[in-house]
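Thanks for coming. I will go through one chain this morning, starting with a term that I need for the rest of the talk.

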Amino acid sequence: IYWLEATSLFVWFFFIHAPPVLIKEHALQRPILSFHLCGALGISLACVHNSLLTPSLFDGQARPFHVYVGRVGMLAGVISFCFGAYVAWFQQEDLGFASAITIGGLLQLNAQRLGYAAILRYYNLKKELENVPGGSDESRRLQKDKNAALKEHITQMLVVFIFGCLIPATIRVIQQFKYQLIAAVLAIFGLRMALGAYVATMTKGLQANSEALLE
């Protein structure tokens, strides 16, 4: 249900709300902005795809799709930030907006960095685990660390999805309300709660496995 709600907001923003606005303002005639939009769409689609098509799906057959789409999404996120920052600072005059959107973009890049580092750590621990006798204290420690690394990867990628990709759509929703500050606080709180519940759902099996290792 969390995936469906997040994807619905993404679809509304990119394919229903945005096109008429972009056409009206002739936005697609601006190359830098167009590159930003392509990058933003790319990482958002990657998040939608990878949060649904996890590596364990279809007995592991979904793993190559998850990996390669994720790599494309990582590159798209960097492209989106670089061209978006240029637009914010050099093609419009609202410095408050430029500052806020740049901070948001940097937080998104940091979540991407942490998520990528976590999955690399996961694979390294997996290789180490193959050379350790099963049932030993070292094996249990490595398994626990491996689960923690995978949980960190899932958490950071969901941060990119919920906060990095959906904040622009959420801002447009907030703008429809009279008391926008109150709406913004409630929206951020709602997104934070949704993120926590989404992470708990996606990592429930890992938590149970880690607890079993400690018994």
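By buried I mean under 20% relative accessible area, by exposed over 50%, and by partly exposed anything in between, with a 1.4 Å probe and protein chains only. Two notes on the source. This is a predicted model, in which local features need pLDDT of at least 70 and side-chain atom pairs count only at pLDDT 80 or more, while totals for chains, interfaces and linings use all residues. Residues are numbered from 1 along each chain as its sequence is written, and side-chain values use heavy atoms, with hydrogens and water left out.

First, the overall picture. The chain has eight helices and zero strands. Helices here are DSSP runs of H or I with at least four residues, strands are runs of E with at least two, and both are numbered from the N terminus. The C-alpha atoms fill a box of roughly 65 × 35 × 30 Å along the principal axes. Of the 215 residues, 35% count as buried. Contact means heavy atoms within 4.5 Å. Taking contacts between residues at least 6 apart in sequence, 72% join residues at least 24 apart.

Now the inside. A nonpolar core is a set of buried Ala, Val, Leu, Ile, Met, Phe, Trp, Tyr and Cys residues joined through side-chain atoms within 4.5 Å. The largest such core has 30 residues, and those that touch the most other members include Ile 43, Cys 47, Val 160 and Phe 161. At least two residues each come from helix 1, helix 2, helix 4 (95-130), helix 5 (137-165) and helix 7 (180-202). Which helix gives the most to this core? Helix 5 does, with nine residues. As for Val 160, its contacts beyond four places in sequence are Ile 43, Cys 47, Gln 108, Ala 111, Gln 112 and Cys 165.

Ser 80 sits in helix 3. Is Ser 80 buried or exposed? Ser 80 counts as buried, at 7% relative accessibility.

Next, the rings. Rings of Phe, Tyr and Trp (its six-membered ring) pair if their centres lie within 6.5 Å; planes under 30 degrees apart are stacked, over 60 edge-to-face, and the rest tilted. There are seven aromatic pairs in the structure. One of them, Phe 35 with Phe 83, is stacked, at 5.0 Å centre to centre and 25° between the planes. Phe 35 lies in helix 2 (residues 31-52) and Phe 83 in helix 3 (residues 63-90), so this pair ties together parts 48 residues apart in sequence. Tyr 122 and Tyr 123 make an edge-to-face pair, 5.3 Å centre to centre with 70° between the planes. Here Tyr 122 counts as buried at 13%, whereas Tyr 123 is partly exposed at 28%. Ring pairs also link Phe 10, Phe 13, Phe 14 and Phe 15 into a cluster.

Last, the surface. The chain exposes about 13200 Å², of which carbon and sulfur atoms supply 68%. Accessible areas come from the Shrake-Rupley method with a 1.4 Å probe, and for residues only the protein chains shown count as cover. Val 11, Phe 15, Ile 16 and Leu 45 make a nonpolar surface patch of about 360 Å². Patch residues have over 30% relative accessible area and no salt bridge, with like charges joined within 9 Å and nonpolar side chains (Val, Leu, Ile, Met, Phe, Trp, Tyr) within 5 Å. A salt bridge is a side-chain nitrogen of Lys or Arg within 4 Å of a carboxyl oxygen of Asp or Glu. Helix 1 (residues 2-24) gives the most to the patch, with three residues. Val 11 lies in helix 1 and is partly exposed at 35%.
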